[in-house]
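Subject: Structure handover and findings

Dear colleague,

Please find below the structure that I promised to pass on to you. My notes on what was found in it follow directly after.

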Amino acid sequence: MDMPRSEFLQQVVNRGYLHQCTDLEALDALAEAKPIAAYIGFDATADSLHVGSLVSIMLLRRLQQTGHKPIVLMGGGTTKIGDPSFRDESRRLLSDAEIARNIAGIRRVFGQFLTFGDGPTDALMVNNADWLDGLDYIPFLRDYGSHFSVNRMLSFESVKLRLEREQSLSFLEFNYMILQAYDFLELGRRHDCVLQMGGSDQWGNIVNGVELGRRIDNRTLFGLTTPLITTASGAKMGKTAAGAVWLNADRLSPYDYWQFWRNTDDTDVGRFLRLFTDLPLGEVERLEGLQGAEINAAKIALANKATTLAHGAEAAEAAAETARRTFAEGGVGAELPTVEIARNELESGIPAFDLLRRSGLAASNGEARRLIRGGGARINDAVIPDEAATVSLADVTPEGIIKLSAGKKRHALVRPV
């Protein structure tokens, strides 16, 4: 089709969010005619979301920015089962207390990106445990089970991959896609929600919900998915050697978050500016057109804007200033990640590789040893000479800290206590 007429779908297309849609023309006409409600579901498998969820979060933000109502569906019910989509094994089953704690942590993320309230386009957060926990099994099967074809469910790519690898798919997990479809029906009934969005791995589940709404309530529902976002290296977005890039500051410091974006590959800068910042498209085109060393200005803009969205302008400015002092002046910024170590430990000396691991600059002692062998590890800007090196109170600077570095861009502070 030609360029969509609705502002929302124009943003979706122009900024690179669109992968598939069940009926793009009809959805475009509806979104142009009136405000619509749309949702994305998030299971509470951890107490923070990570950058891998950021495309979905930003898509809800685009929805609200263009005059529509975003619904954040927390999977308090479905988390008890676990989505099997494109997974090699079952998720660990969580207790009700763990799920509640995780939802409380995730809730903080959305307050940074969406405006919540009671207005027609204010964001709404709901929990599918409100309707799933009270379902009676036999009546549910009788009323809804007949609308799902096992043959078709087995044909979904996410299920086929699991079975082709001869990895067990439990009946518990197999129910997940039925419950997700039922979520869409419930949100249609409760909040006049007409659109479910999600990652490309959710296409089969979303289509199930669209069809269930039509069969049960004669509702016209829509589904839209985003592409899988990978980096220039082919790695899945949000995964780094040091682990997941969390969105909550208590899981990953704003400085490390800023650095994640600052270290974006040159070829990814324009795409990420479109997806993960609010910069106008004209400014994005200008920044991605920079050549040579000037592309660093685009990376800094990406880091500043993305960090401002997640952690606020003050945290972004502090991270940028810390980076400037650390790299341009060779100094130490107060925002660098800091680990406290007991003075008595440092008196006797700690293996440098162990301290690199404990500070988060290496994922394991083995990785830290390899970093030292390769000449990429430093203490107070001096290369660590060998794997047997130790760190002690003698290394504490006049500022009362020890600066650790992994490569040129990753740093941490050790503070004796």
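Helices (H or I, at least four residues) and strands (E, at least two) are DSSP runs, numbered from the N terminus. This is a predicted model, in which local features need pLDDT of at least 70 and side-chain atom pairs count only at pLDDT 80 or more, while totals for chains, interfaces and linings use all residues. Residues are numbered from 1 along each chain as its sequence is written, and side-chain values use heavy atoms, with hydrogens and water left out.

Overall picture

The protein has 19 helices and 15 strands. Its radius of gyration (taken over C-alpha atoms) is 24 Å, close to the 22 Å that the globule rule (2.2 Å times the number of residues to the power 0.38) gives for 417 residues, so the protein is as compact as a globular protein of that length. The C-alpha trace spans about 75 × 45 × 40 Å along its principal axes. Of the 417 residues, 50% count as buried, where buried means under 20% relative accessible area, exposed over 50%, and partly exposed in between (1.4 Å probe, protein chains only). Taking contacts (heavy atoms within 4.5 Å) between residues at least 6 apart in sequence, 72% join residues at least 24 apart.

The sheet around S14

An open sheet of 5 strands runs in the order S9-S15-S14-S11-S12, with mixed pairing; two strands pair if DSSP finds at least two bridges between them. Its edge strands are S9 (338-341) and S12 (382-383), each of which pairs on one side only. Strand S14 (residues 402-406) is joined to strand S11 (residues 377-379) by 3 bridges, and the two run antiparallel; within this pairing, Ile379 has Leu404 as its bridge partner. To strand S15 (residues 410-416), S14 is joined by 5 bridges, again antiparallel, with Ser405 opposite His411 and Lys403 opposite Leu413. How many of the residues of S14 are buried? The count is 5 of 5, and both faces are covered, with Ile402, Leu404 and Ala406 buried on one side and Lys403 and Ser405 buried on the other.

A nonpolar patch on the surface

Tyr137, Ile138, Leu141 and Phe171 form a nonpolar patch on the surface, with about 450 Å² of accessible area together. Patches are made of residues with over 30% relative accessible area and no salt bridge, like charges being joined within 9 Å and nonpolar side chains (Val, Leu, Ile, Met, Phe, Trp, Tyr) within 5 Å. Helix H6 (residues 137-144) gives the most to this patch, with 3 residues, whereas Phe171 lies in helix H9 (residues 171-174) and is exposed, with a relative accessible area of 56%.

Salt bridges

The structure holds 22 salt bridges, each being a side-chain nitrogen of Lys or Arg within 4 Å of a carboxyl oxygen of Asp or Glu. In one of them Asp133 pairs with Lys80, the closest N and O atoms being 2.9 Å apart. Asp133 lies in the loop between helix H5 (129-132) and H6, and Lys80 in the loop between strand S3 (69-75) and helix H4 (96-113), so the pair ties together parts that are 53 residues apart in sequence. Both residues are partly exposed, Asp133 at a relative accessible area of 47% and Lys80 at 26%.

Another salt bridge joins Glu288 to Arg274, with 2.6 Å between the closest N and O atoms. Glu288 lies in helix H14 (residues 281-288) and Arg274 in helix H13 (residues 269-276), so this pair links parts that are 14 residues apart in sequence. Here Glu288 is partly exposed at 33% relative accessibility, whereas Arg274 is buried at 18%.

Arg369 and Glu387 also meet through their side chains in a salt bridge (3.2 Å, N to O). Because Arg369 lies in helix H19 (residues 365-373) and Glu387 in the loop between S12 and strand S13 (390-391), the pair ties together parts that are 18 residues apart in sequence. Finally, salt bridges that share partners join Glu345, Asp354, Arg357 and Arg358 into one network.

With best regards

Methods: Accessible areas come from the Shrake-Rupley method with a 1.4 Å probe; for residues, only the protein chains shown count as cover.
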